[in-house]
Amino acid sequence: MSAHRSPYQERIIKNYYQNRDSIGIQKAQEAVTELYLSQGKKRETVWKRLCSHLEKAGLSAEQIEHLREKDDPALVAEAIGKLA
């Protein structure tokens, strides 16, 4: 089944994939802010989202797991700073 897209839609999709790492970094930065303020179950939810964004930003699975084990927003912010 072929999708019929307008040139405008094609350009939006192309730009998204070209800027995926930048989008991931921005979303991860936003999630770090939430991580500083969250506790309990909300914190686990934020970590799930944050891991996804960090993966899209280019962090390896080992680095993400290390950050999650430490559960320190300052370390996450520092790692994101190195990516940007």
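Which residues in α3 are buried? In α3, the buried residues are Arg43, Val46, Trp47, Leu50, Cys51, His53, Leu54 and Ala57, where buried means under 20% relative accessible area, exposed means over 50%, and partly exposed lies in between (1.4 Å probe, protein chains only). This is a predicted model, in which local features need pLDDT of at least 70 and side-chain atom pairs count only at pLDDT 80 or more, while totals for chains, interfaces and linings use all residues. Residues are numbered from 1 along each chain as its sequence is written, and side-chain values use heavy atoms, with hydrogens and water left out. Helices (H or I, at least four residues) and strands (E, at least two) are DSSP runs, numbered from the N terminus.

- Isoleucine 80 touches Ile25, Ala28, Gln29, Val32 and Leu54, not counting residues up to four places away in sequence, where contact means heavy atoms within 4.5 Å.

**Helices α1 and α2**

- Helix α1 (residues 7-18) packs against α2 at an angle of about 65°, with their axes 4 Å apart; the axes are lines fitted to C-alpha atoms, for helices over the stretch in contact, and angles run from 0 to 180 degrees between N-to-C directions.
- The two helices α1 and α2 are therefore roughly perpendicular to each other, given that angles under 35 degrees count as roughly parallel, over 145 as roughly antiparallel, 65 to 115 as roughly perpendicular and the rest as oblique.
- Where these helices meet, Tyr16, Tyr17 and Gln18 in α1 contact Arg20, Asp21 and Ile23 in α2.
- Isoleucine 23, which lies in helix α2, is partly exposed, with a relative accessible area of 29%, and its C-alpha atom is separated by 24 Å from that of lysine 70, 47 residues apart along the chain.
- The 18 residues of α2 should span 26 Å at 1.5 Å a residue, and its end C-alpha atoms are 26 Å apart, which agrees; the expected span is 1.5 Å times one less than the number of residues in the helix.
- Within α2, Gly24, Ile25, Ala28, Ala31, Val32 and Leu35 are buried, and they cover an arc of only 130° around the axis, which puts them on the same side of α2; the arc is that of the directions from the helix axis to the C-beta atoms.
- The cover over the buried residues of α2 includes α3 and α5.

- Serine 38, placed in the loop between α2 and α3, counts as buried at 6% relative accessibility and touches Arg43 and Val46, not counting residues up to four places away in sequence.
- With 18 residues, α3 reaches 26 Å from its first C-alpha to its last, close to the 26 Å expected at 1.5 Å a residue, and what covers its buried residues includes α2, α4 and α5.
- Histidine 53 in helix α3 is buried, with a relative accessible area of 15%, and touches Gly24, Lys27 and Ala28, not counting residues up to four places away in sequence.
- Glycine 58, whose phi is positive, near 115°, follows α3.

- Glutamate 62 lies in helix α4 and counts as exposed at 60% relative accessibility; from glutamine 39 it is 23 residues apart in sequence and 24 Å apart in space, C-alpha to C-alpha.
- Most residues other than glycine have a negative phi.
- Aspartate 71 has a positive phi of about 55° although it is not a glycine; this residue lies in the loop between α4 and α5 and counts as partly exposed at 32% relative accessibility.
- In α5, Pro73, Val76, Ala79 and Ile80 are buried, and seen down the axis of α5 these buried residues fall within an arc of 120°, so they line one face of the helix.
- Cover for the buried residues of α5 includes α2, α3 and α4.
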